[in-house]
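Subject: Structure for you, with notes

Hello,

Here is the structure I promised to pass on. Please open it alongside this email and keep both in view as you read.

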Amino acid sequence: MLPAYERDPFATSLETRVLRVGDENGRPFAILEDTVFYPEGGGQPCDLGTLNGVAVVDVQKREGEVRHYLGQAVSEGPASLSLDWARRFDHMQQHTGQHLLTAVAQDQFRWETTAFHLGASVCDIELTAQAISPRDMERLEEAVAAEIRARREVTARWVSAEAYGLEAVRSRGLPEGHTGDIRLVQIAGVDLNTCGGTHLRHTGEIEALKLLGTESIRGGTRLFYVAGRRARLRLGAHETRNAGLRALVGAPDEELVPALQTKMDQLLALERRGRKLEEELAGFQAVSLAAQPGGLAEAHFEGRDMAFLQKLARGIFAADPGKAVFLTSESGGQGIFLLGAGEGSALDVPAAGKAVAALLGAKGGGAGKSFQGKASSLAAREQAVAALREVGQ
């Protein structure tokens, strides 16, 4: 007997029995008398749902049987199955859309499909086309839309190996070692293909199919698409995003890109100006810090990064090679520190750096004349400064 997911792919529940339970690497599973849950295969993900209220988290074919992997173990006996219908219908829209897209691409453009992937948000097929122009993408999408509007009937049937040899089947080949009858899925007047997945009743239930873009792969082209509810959700997300962008930049949809480009150009100009001002500031601060009495120049900053501290240290050493420096900064509760010494300083930086890191509870490292690190807190900073001054005396 065919399983319920094949007999009626629109069935959302089923009363059956748990025949056997087991455990696979810590994952409890159940073998059922019948099931509405499609096991992963043929590029289509498995169905999810519940068995007696327990989550069905995965469904796979193992050694000729369908294993339902569960959130927790169940007992043998009566079983009430409930399917995650939204997930199943989405898979049927994407998979039936793939059959239609593959057929139109091959029949009208001579592009054969070599692979199919039904992703969580976007699907794709791999085609033998070396490249697909925007104009050809538009033509392909319009041709698929015409077949969706035609509401062509989609049916499935099993045939013997002998009968299969007499059919005009579009197929990438049977699974290795396959024996027995073969399942065919037909889109009336458009396609006849080998497939074990679940499909819609007619192409009109695909609703819509939108081509998203391409990328080169293995001498061919990967073509991305979404179908059905995914297309509507994607459009809704784009509209929400565009509404936010319109509010931010004060421009209508058709002017968003140039308006954002202008904003980006302005931002880059401000960043360049900021870097220049930062360099000038570091220069002035370096001279001021180098003039501090004693052999140690120290300072603390808010919101500065390590690159700034390093630049400042170089400026101090240029002004006074005999100085050692201890510079710190804090941003978002994270502290950083830099300990360094000029060519004329006798400070043992690696040893002093380890001592400072221990005081701050920090992680860091270095060699020669530089040691730097990160600390969750700079509360012990003054202790570190005092210890460094002692060493320098």
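First, the ground rules. This is a predicted model: local features need pLDDT of at least 70, side-chain atom pairs count only at pLDDT 80 or more, and totals for chains, interfaces and linings use all residues. Residues are numbered from 1 along each chain as its sequence is written, and side-chain values use heavy atoms, with hydrogens and water left out.

Helices (H or I, at least four residues) and strands (E, at least two) are DSSP runs, numbered from the N terminus. Axes are lines fitted to C-alpha atoms, for helices over the stretch in contact, with angles from 0 to 180 degrees between N-to-C directions.

Start with H5 (residues 229–249) and H6. Their axes come within 11 Å and cross at roughly 50°. That makes H5 oblique to H6. (Under 35 degrees counts as roughly parallel, over 145 as roughly antiparallel, 65 to 115 as roughly perpendicular, and the rest as oblique.) The crossing of H5 and H6 is left-handed. (Left-handed: the near helix is turned anticlockwise from the far one by less than a right angle; right-handed: clockwise.) On the H5 side, Asn242, Leu245, Arg246 and Val249 make the contact; H6 supplies Leu256, Ala259, Leu260 and Lys263. Contact means heavy atoms within 4.5 Å. By class, five of these residues are nonpolar, one is polar and two are charged. (Ala, Val, Leu, Ile, Met, Phe, Trp, Tyr, Cys and Pro count as nonpolar; Asp, Glu, Lys and Arg as charged; the others, Gly among them, as polar.)

Now H6 (residues 256–290) and H7 (residues 306–319). Here the axes come within 8 Å and cross at roughly 45°. H6 and H7 are therefore oblique to each other. Their crossing is right-handed. H6 contributes Glu278, Glu279, Ala282, Gln285, Ala286, Leu289 and Ala290 to the contact, and H7 contributes Phe308, Lys311, Leu312, Gly315, Ile316 and Ala319. The contact of H6 with H7 has eight nonpolar, two polar and three charged residues.

Aromatic pairs

There are nine aromatic pairs in the structure. (Rings of Phe, Tyr and Trp, the last by its six-membered ring, pair if their centres lie within 6.5 Å; planes under 30 degrees apart count as stacked, over 60 as edge-to-face and the rest as tilted.) One of them, Tyr5 with Tyr38, is edge-to-face, at 5.6 Å centre to centre and 90° between the planes. Tyr5 sits in H1 (residues 4–7) and Tyr38 in the loop between S2 (27–32) and S3 (49–51), so the pair ties together parts 33 residues apart in sequence. Both Tyr5 and Tyr38 are buried. (Buried is under 20% relative accessible area, exposed over 50%, partly exposed in between; 1.4 Å probe, protein chains only.)

The ring centres of Phe10 and Trp85 are 5.6 Å apart with planes at 50°, so that pair is tilted. Phe10 counts as buried at 19% relative accessibility. Trp85, at 27%, counts as partly exposed. Phe10, Trp85 and Phe89 form one aromatic cluster.

Two single residues

Gln94 lies in H2. At 0% relative accessibility, Gln94 counts as buried. Leaving aside neighbours within four places in sequence, its contacts include Leu118, Cys123 and Tyr225.

Lys374 is in S18 (residues 370–375). Lys374 is exposed, with a relative accessible area of 56%. Beyond its neighbours within four places in sequence, Lys374 is in contact with residues including Gln334, Phe337 and Lys363.

Best wishes
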